[in-house]
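Dear colleague,

I am handing over the structure we spoke about, and my notes on what was found in it follow directly below. Please keep it open beside this message as you read.

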Amino acid sequence: MARITAGITSSHIPALGAAIQTGKTGDDYWGPVFKGYEPIRQWIKRPGNTPDVVILVYNDHASAFDMNIIPTFAIGCAERFKPADEGWGPRPVPDVIGHPDLAWHIAQSLILDDFDMTIMNQMDVDHGCTVPLSMIFGEPEEWPCKVIPFPVNVVTYPPPSGRRCFNLGDSIKAAVESFPEDLDVQVWGTGGMSHQLQGPRAGLINKEFDLNFIDKLIKDPETLSKMPHIEYLREAGSEGIELVMWLIMRGALGDKVEELYRFYHIPASNTALGALILQPEGMDAEPPAIREQVDA
Amino acid sequence: MSDKKERIDIHKYLAEFEDIPGTRVFTAQRARQGYNLNQFAMSLMKAENRERFLADEKAYLDEWPLTDAAKQAVLNRDYNAMIDEGGNIYFLSKLFSTDRKSFQFAAGSMTGMSQEEYAEMMLKGGRSPEGQRSKKGGY
């Protein structure tokens, strides 16, 4: 049977993709960010840690979905997904190769579990999906695993509640565990952490909120999932609402998790960046040699 | 009904957004107001449209049913004014990407700070949430 072996969180900001493309990953500004990801890159290469499939939870940034169609939860069921042209031309990265059998199985299971999914058989994927792949897998000719893109609306209000996201994660776990093929599946929650990209309040960062969010996500996601939208907006900035997507990842890992790695850094362009590796109870992957890099 | 759920009061939910300083949440009302502006921005995902737009911005904008204020905001690259017209930053990103500008450029342009000042603020840890959470509460 398939099983969920780990959860990863990552930023997905386009500036990270641009830093890779322009060879700036070692400079004073971006160097610390890529150094912070290095333990994840090394960890995921180890035998047993590279997943067969990643369920990649992200938000589409007005690329696949315009103002005409706004699905709350969508799942990519296609064979492959091309990088979207977001105005700069498509990111020069490999196509994302899907896992249609697993994706359709998850879609069916989620619908039976009362999550009314939108099924995407054709979809371009934007930086929300491809930047985390670049940050964690580097610049390979082909991505080392299959990817099921899982877009969540956090752009047009209201986005789903944290509670709904957390419960969705739990249903994804059940769906994966009922898939008959023997597959290691990771769930990635992307976006965040605190940031605001609009208006006179742009540039808001709340380190205290972010680090508390990480602690709660690990130890008490049940309580965290009840946090209302207004609190995300007030505390973490208007785009900090992306953090509800981390609760989908967390819900998919079960009750207890082990924290294998934590990275937190300010700033990455307009944002505070958080990246984690979490492992469900009962998995026995060795953690990275460095367990934590958190800005003082 | 066996499992009665706790419902959120939608009026209270929406009203709270107005209490956040310097922020316009992309509600249904704004989504409706900005429909054409946002769809215009989406059209810039095609290279041929970007070329046509850059060659004659006004003519390109005139193909869209936009208010004069929205057109002027685009021509001026006034992102606060575009958001006032119902624009959303992720849609508008197609416009600043067409200009070869970054999210930091666009975000900074809305704060009244220079690009250098804004970048410097981010390097120093960003804008503090103190006093920025609630207009009424002042916290």
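What share of the contacts in chain B with a separation of 6 or more comes from residues 24 or more positions apart? Such residues account for 56% of those contacts in chain B. Please bear in mind throughout that this is a predicted model, and that what follows was computed from it.

Chain B

Chain B is built with ten helices and zero strands, and, if one reads along the sequence, its pattern is accordingly α-α-α-α-α-α-α-α-α-α. A compact globule of 139 residues would have a radius of gyration near 14 Å, whereas chain B has 18 Å. Taken along its principal axes, the C-alpha trace of chain B spans about 60 × 45 × 25 Å, and buried residues make up 36% of the 139 residues in this chain.

Chain A

Chain A contains nine helices and eleven strands. Its radius of gyration is 17 Å, which agrees with the value near 19 Å that a compact globule with 296 residues would have. The C-alpha atoms of chain A fill a box of roughly 45 × 45 × 40 Å along the principal axes, and 57% of the 296 residues count as buried. In this chain, residues 24 or more positions apart account for 83% of the contacts with a separation of 6 or more.

The sheet of chain A

Seven strands of chain A form an open sheet with mixed pairing, and their order is β7-β2-β8-β1-β10-β9-β11. At the edges stand β7 (146-151) and β11 (292-294) of chain A, each of which pairs on one side only. On average, and with direction ignored, neighbouring strands of this sheet are turned by 20° against each other.

Strand β9(A) deserves a careful look in this sheet. Nine of the twelve residues of β9(A) are buried, so that the strand is mostly covered. With β10 (residues 271-280) of chain A, strand β9(A) runs antiparallel, and nine bridges join the two; within this pairing, A:Y264 stands opposite A:G274 in β10(A), and A:Y261 has A:I277 of β10(A) as its bridge partner. The hairpin of β9(A) and β10(A) has two residues between the strands, and in it A:S269 takes a positive phi near 55°. With β11(A), by contrast, β9(A) runs parallel, and three bridges join these strands; the bridge partner of A:Y264 in β11(A) is A:V294.

Why does A:I148 count as buried? This residue lies in strand β7 of chain A, and A:I148 is buried because 26 other C-beta atoms lie within 10 Å of its own, where 20 or more are needed. A:I148 and A:C77 are 71 residues apart in sequence, yet they are 7.1 Å apart in space, C-alpha to C-alpha. Apart from its neighbours within four places in sequence, A:I148 is in contact with A:V53, A:I55, A:L56, A:I75, A:G76, A:G98, A:H99, A:L102 and A:A103.

The largest nonpolar core has 123 residues, and those with the most contacts inside it are A:I55, A:L56, A:V57, A:I75 and A:M245. One of these, A:L56, is in contact with A:C129, A:P132, A:V147, A:I148, A:P149, A:F150, A:W188 and A:T190, once its neighbours within four places in sequence are left aside.

Where the chains meet

The contact between the chains takes 34 residues from chain A and 47 residues from chain B. On the side of chain A that touches chain B, α1 (14-21), α8 (229-236) and β9 (257-268) each supply at least two residues, and α8(A) gives the most, with four residues. The residues on this side of chain A divide into 17 nonpolar, eleven polar and six charged. Strand β9(A), then, contributes to the contact with chain B and also pairs with both β10(A) and β11(A).

With best wishes

Notes
Residues are numbered from 1 along each chain as its sequence is written. Chains are lettered from A and ligands numbered from 1 in the order in which they are written. This is a predicted model: local features need pLDDT of at least 70, side-chain atom pairs count only at pLDDT 80 or more; totals for chains, interfaces and linings use all residues. Two residues are in contact if their C-beta atoms, placed from the backbone, lie within 7 Å. Ala, Val, Leu, Ile, Met, Phe, Trp, Tyr, Cys and Pro count as nonpolar, Asp, Glu, Lys and Arg as charged, and the others, Gly among them, as polar. Two strands pair if DSSP finds at least two bridges between them. Axes are lines fitted to C-alpha atoms, for helices over the stretch in contact, and angles run from 0 to 180 degrees between N-to-C directions. The radius of gyration is taken over C-alpha atoms; the globule rule is 2.2 Å times the number of residues to the power 0.38. A nonpolar core is a set of buried Ala, Val, Leu, Ile, Met, Phe, Trp, Tyr and Cys residues joined through C-beta atoms within 7 Å.
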